[in-house]
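Here are a few notes to read alongside the model. Have the sequence and the coordinates open as you go.

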Amino acid sequence: MEPKEEDPTLAKLQSACSDLKKLLHSSASMEASLEKMDKNFDTLQETLSTASRRVGPLQSLAIASKALDTRINRAVSPALALLESFKLAESLQHKLLQLTSELSSKDAPKKRLKALVKYVDCVDKLNAAINSISLECEPAIQKLQEVVEFLSRTRATDQYRTHRLRETLITLKALYETEVDAMRFDGLLDEALLNLQDEYERILQQLRHRNIAELQGDAPAEMMASDLGTELEVEVLRRISETLAANDCLDICIDIFVKVRYRRAAKALMRLNPDYLRTYTPEEIDNMEWESLETATALWIQHFELAVKTVLVSEKKLCKQVLSGIMEGLIWTECFVKIADKIMAVFFRFGEGVARSNKEPQKLFKLLDMFDSLEKLKTQFSEIFEGEAGADICLRFRELTKLLVHSSSKVFWEFGLQIEGNQDGFPPLQDGSVPKLVRYAINYLKYLTTENYSAPMAKVLRTEQIWKAGVLSQPETDENLLKDAISSVMEAIQRNVESKKSRCRDKILSHVFAMNTYWYIYMRSRSSELGKLLGEQWMKKKYKIIAEESAYMYQKQAWGTLVNLLEKEESNRQTNKESMGAVIRGKMEAFLEGLDEISKRHRTSYTIPDADLRIQLREASVKLVVTAYTEFLTSYSYFLQPKSYLPPDSIQAMLGQLFNDGHRVPRLSKDRMAGDNSAGEIKDFSRSRSNASDQ
């Protein structure tokens, strides 16, 4: 029988059954292995527990050792750094010795300065190293102290090591207490600082001002400050200053700088030969000759300006260059003020002495010169001495200015009072000439109103008015202030003249005196700055008209009375010719006697200094007298014998000689403050013409 074809399902079942049997067999084997492994794990766990119990003490010991190592390293590290600082300081000290030797061998200025730069660098580094030692030493000692105490308390190491560590601590303490201070105060650093102080003083001593005596007379714009040192010199001085300041030598540094630079500045100014500054009290100044005082004040103005614009500006620049790096720039201004204070005090002292001395009229111009110079310097002076350090010097500058204002105004007003109060009780001079007081006063005022003095005088008057009335007041303009002030003095002059005139018993002389004086005032003032300030109309009204009126009165008193003797006689039938002739001849004789008398008085007493005025008076007098004489001689020729009397030409010549060669003209005194300008016109001396001249 042929085998049947196998069923596929049955084959799959048989295969699955076979696989299950294998899986079950493998599971049984695995379970046996797991049981065996479990037993091995239990054995291993028991072994690890036993090892862990045995290793635990060693682990604690390792942790303790690591903590001890950290503590020791923390204490030893600062000590090692401290040792490095000591090594650096030692090497720098050797280098400093070498640089000191090199510095002493340098003779050339530039090479010596370059060597000084290296020297200062080394000093700075040595100072930094010593400072580092000072800062590091105490913390290092503290850390070692803590470790020694810890080891002694815990006994974490053997006694030998602890003992060595304790000895190291004791040595370090002794080193800190002795060697560090010695390095700072008794060692090479201290010696180097002393050397730097000497070099500092030497360099400062070498910085000289240029010869400022050569600047005298230069324009203000040429009075400029100059650099006192080269860039290298200034740099070395700056470095030394900062090094000295960093080493507690700031006071010494300042003392050297101020002392040396003051001497240098003073020596530069002494080249100007300011011997006048030794006289400074008001009493001493009052005893000085006027020429000497004039010279002294002129020199003071020039020297004061030179001192401020050249010497002190240069010193301020040097102070800033050298000392501005110290104390954040707060110290250099005080040093400059210390240098300048003594110098300025000498100048202030002299100026104050002049201002406080006697208020003589001629001092006004010197006071105004001084005031004007301070005004021109005021802005620059404030800039130079700015800040709190220069407040005292600026205050004294303002006080001197204020004192000069008070003194100038007082001299001016007292001048007017002196003129008005100069009532000596005496009449005018016997020749009727212009008084010296009037000449002096007019020339004084002319000089005061020149360009050099009008502005300062006006500013003094305005400043004085503001001080009296307050800052918020509205003062007059400078021109009006000066005009009013000058006018008051001119009126005082006029009152003085009128007072003298009133004491004159000789009426002719009084008119000659008034005519000469007022004509002098008008003519000397009209074309000057004084006349321009007061105004032509004011001058005419005050002086020219009065001079013309006085000339008219002079002509009336001197020649009019004489001419009146020649008045024509009215004919009278009852008067016979013989009586008429006697009267006519009597008048002629009286006229000639009067002419002789008045001529003698003119030759011996009266004087008319102004040539132009004299010419005009001659023409007017000749016209009046000769005309009347000629008419009288012609009208009464029947009663007179013309040949027996002087002809009109002789009378005219005599009068001409009277007002020319025969006229005494006093020599005018020299006055440097004014010049004569005798140009004017007086055509006729009648009241109508005088008044018309003002129209």
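**Notes on the model**

1. Asp38 sits in helix α1, helices being DSSP runs of H or I with at least four residues, numbered from the N terminus. Remember this is a predicted model, where local features need pLDDT of at least 70, side-chain atom pairs count only at pLDDT 80 or more, and totals for chains, interfaces and linings use all residues. Residues are numbered from 1 along each chain as its sequence is written, and side-chain values use heavy atoms, leaving out hydrogens and water.

2. Asp38 is partly exposed because its relative accessibility is 45% (buried is under 20%, exposed over 50%, partly exposed in between, with a 1.4 Å probe and protein chains only). Patch members have over 30% relative accessible area and no salt bridge; like charges are joined within 9 Å, nonpolar side chains (Val, Leu, Ile, Met, Phe, Trp, Tyr) within 5 Å. A salt bridge here is a Lys or Arg side-chain nitrogen within 4 Å of an Asp or Glu carboxyl oxygen.

3. Met30 is in helix α1 too, which covers residues 8–105. Met30 counts as exposed because its relative accessibility is 54%. With Leu34, Met37, Phe41 and Leu44, Met30 makes a nonpolar surface patch of about 530 Å².

4. Now for α5: among its buried residues are Glu233, Arg239 and Leu244. Asp248 follows α5 and has a positive phi, near 60 degrees.

5. Last, Val346 lies in helix α9 (residues 332–356) and is partly exposed at 27% relative accessible area.

Technical notes
Areas by Shrake-Rupley, 256 points an atom, 1.4 Å probe, with all protein chains shown as cover. Helix = DSSP H or I, 4+ residues; strand = E, 2+ residues; numbered from the N terminus.
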